[in-house]
Amino acid sequence: MLEWLNDATSSSTDKDGSKVHESVVEGLQELYRKKLFPVEKDHLFHQFYSPELADADFAAAPMILLMGQYSTGKSTFIRHLLQRDYPGLRIGPEPTTDKFVCVLHGESDSTTPGNALVVDNELPFTQLSHFGNAFLSRLEAARLPSPVLEGVTLIDTPGVLSGEKQRIKRGYEFEAVVKWFADRVDMIILLFDVSKLDISDEFRRVIQATKGNDHKISILLNKADAVTTQQLMRVYGALMWSLGKVIDTPEVSRVYVGSYWDEPLKNEKFRELFEQEENDLYTKIAQLPRSALVRKVNDLIKRARLAKVHAFLIDYFYNGMPYFIGQAKEQERMIADLPAIYNEIAVKWGIPLGDFPDPRMMQQILAPMDFCSFKPLDPERLKSLDTLLSVDLPKLLQLIPEEQARHGISEAKIAQISGKASPFAVMKVDGHDEHSVHQSHWRRAPVVQELKAEFEELQPTDGKISGQQARDKMVESHLPSNVLHRIWTLADVDKDGFLTLPEYALAVHLMRMKLHGQ
């Protein structure tokens with residue numbers, strides 16, 4: 001547990017009057033309960049957006065949500081990460097995973113049905129009870145001892161089906177469940193099979209349910225060794241074109257290309273590409289425990305900003321209602337004029353329009369409601385919410401890096417890149433990459449005699465070549481002039497503007513080192 005930067009064992013008060021807590025997690029829990037939740041409750045926030053947060057939502061390990069159409073490799077990817085099957089796992093070419101499975105760390109293999117899972121206050125799934133028994137019968141927790149699961153929790157999902165089976169036969173609101181998870185997880189992985197790139201209308205709606213969490217999405221183009229190089233280029237282009245119509249952001253989604261299982265490669269030409277893509281993906285997953293607290297503070301800031309805007313909206317509707325005659329008509333007018341009301345509130349309170357919710361969604365929810373039942377804005381609670389946004393949460397955010405340095409937050413132990421870097425895999429942190437594993441080869445002194453004949457061909461004078469002679473040879477490397485300048489500066493040890501044989505050997509060694517990515 002991360003501790004605040006004081007030696008006290010109990011809560012105290014800071015110089016600016018704000019409370020200092022024993023841990024960041026405990027601080028988030030108390031700030032939410034005392035400053036944000038009352039505003040949410042007063043203005044029916046949970047009926048419009050998402051249920052209230054529980055203490056476990058702040059204390060839980062980072063979570064990864066895996067989604068995709070059936071037989072794209074979701075469950076196989078989890079097996080690949082864990083290096084074993086989780087309890088109840090079934091894999092096949094047909095739709096096999098028919099449940100939402102929360103894969104958690106445990107002392108022994110066990111499964112917990114959905115109804116029992118949602119009453120466990122130690123886990124962040126209690127609010128899923130709102131989706132009813134039809135969903136809870138399709139929810140399960142699988143526990144198993146795994147080093148990976150000590151750092152992250154994995155959420156396996158049913159494959160998205162086509163037609164009425166997805167839309168009607170599920171028996172619960174699939175897209176609503178996906179949105180609930182998307183709002184709470186740290187990473188969303190969308191898996192695509194190179195042979196199944198078509199995004200059905202049902203899968204499109206599922207992806208759109210993650211709206212507002214686009215920054216969490218990573219795309220896996222799986223089973224990529226089943227095609228040729230030319231086919232892979234076409235498949236990648238087709239996938240990006242399809243995603244551009246579904247994920248409505250100006251940024252290009254990150255796509256990790258590979259075959260995420262432990263089977264032999266069918267196309268050896270892709271080995272280097274797959275290694276680089278896998279290193280990127282596994283490093284991102286391994287680093288989630290380090291970024292989890294920052295994400296939780298960020299999400300609470302986002303939620304608080306939305307709650308503040310929502311409070312202004314509800315207050316506007318309450319004050320705009322007539323006392324006796326024409327209430328229904330005025331309510332209909334305000335719902336129809338919602339975009340104009342957004343502008344009016346934004347100007348009055350200095351709120352960016354980007355903080356306001358989707359007007360079409362709001363109009364649908366507001367239509368059956370009675371505006372006379374709304375509550376006016378409480379100035380004291382608004383002031384407390386402003387303090388939360390301007391003082392309390394920024395303070396939490398600033399203290400996280402130093403506290404992590406003091407107490408140490410380790411990466412998730414992803415077997416594919418854990419341990420010391422090898423010629424096959426490396427965790428890409430602290431400047432390390434696929435080339436850094438070969439640094440020891442370049443740290444040896446160059447063999448001067450191997451370059452003696454080449455040096456003599458440059459016709460040295462008194463055992464030295466001039467800068468111009470060296471330049472004509474060095475530019476043959478096609479390295480940029482600024483790089484060659486740095487190499488010259490290092491190689492010309494005595495700074496006399498000439499290169500001796502040992503200095504020339506050093507320059508050649510440094511050029512070769514740079515050309516090999518060092």
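**Note on the predicted model**

1. Trp180 counts as buried, with a relative accessibility of 3%, where buried means under 20% relative accessible area, exposed over 50% and partly exposed in between, computed with a 1.4 Å probe and the protein chains only. This is a predicted model, in which local features need pLDDT of at least 70 and side-chain atom pairs count only at pLDDT 80 or more, while totals for chains, interfaces and linings use all residues. Residues are numbered from 1 along each chain as its sequence is written, and side-chain values use heavy atoms, with hydrogens and water left out.

2. On the overall composition, the chain has 518 residues, of which 47% count as buried, and its secondary structure comes to 21 helices and 12 strands. Helices (H or I, at least four residues) and strands (E, at least two) are DSSP runs, numbered from the N terminus. The chain exposes about 26300 Å², with carbon and sulfur atoms supplying 52% of that area; accessible areas come from the Shrake-Rupley method with a 1.4 Å probe, and for residues only the protein chains shown count as cover. Of the contacts in the chain with a separation of 6 or more, 76% are between residues 24 or more positions apart, contact meaning heavy atoms within 4.5 Å.

3. An open sheet of 8 strands runs in the order 5-6-4-7-3-8-9-10, with mixed pairing; two strands pair if DSSP finds at least two bridges between them. Strand 5 (110–113) and strand 10 (255–257) stand at the edges with a single partner strand each, so one side of each is left without a neighbour in the sheet. Neighbouring strands of this sheet are turned by 25° against each other on average, direction ignored, where axes are lines fitted to C-alpha atoms, for helices over the stretch in contact, and angles run from 0 to 180 degrees between N-to-C directions.

4. Strand 4 (residues 100–105) and strand 7 (residues 153–156) pair in the antiparallel sense over 3 bridges, and the bridge partner of Val101 in strand 7 is Asp156. Strand 3 and strand 8, by contrast, run parallel and are joined by 5 bridges, with Leu191 in strand 8 as the bridge partner of Gly68. Strand 8 also pairs in the parallel sense with strand 9, over 6 bridges, and here the bridge partner of Leu191 is Leu220.

5. How many residues of strand 8 are buried? The count is 7 of its 7 residues. Met187, Ile189, Leu191 and Asp193 point one way from the strand, while Ile188, Leu190 and Phe192 point the other way, and all are buried. Helix 4 (residues 74–82) lies across strand 8 (187–193) as well as strand 3 (63–68), strand 4, strand 6 (139–144), strand 7 and strand 9 (217–222), and runs at about 160° to strand 7.

6. The structure holds 23 aromatic pairs; rings of Phe, Tyr and Trp (its six-membered ring) pair if their centres lie within 6.5 Å, and planes under 30 degrees apart count as stacked, over 60 as edge-to-face and the rest as tilted. Phe131 and Phe135 form an edge-to-face pair, 5.8 Å centre to centre with 70° between the planes; Phe131 is partly exposed at 24% relative accessibility, whereas Phe135 is buried at 0%. Trp180 and Phe181 are also edge-to-face, at 5.1 Å centre to centre and 85° between the planes, and Phe181 is buried with a relative accessible area of 0%. These four residues belong to one aromatic cluster, which also includes Phe100, Phe125, Tyr172 and Phe174.

7. Two backbone values deserve a look, since most residues other than glycine have a negative phi. Gln83, in the loop between helix 4 and strand 4, has a positive phi near 65° and is partly exposed at 48% relative accessibility. Lys223, in the loop between strand 9 and helix 10 (229–244), has a positive phi of about 60° and counts as partly exposed at 22% relative accessibility.

8. Finally, Gln29 lies in helix 1 (residues 24–42) and counts as buried at 14% relative accessibility. Leaving aside neighbours within four places in sequence, Gln29 is in contact with Asp55, Phe58 and Ala59.
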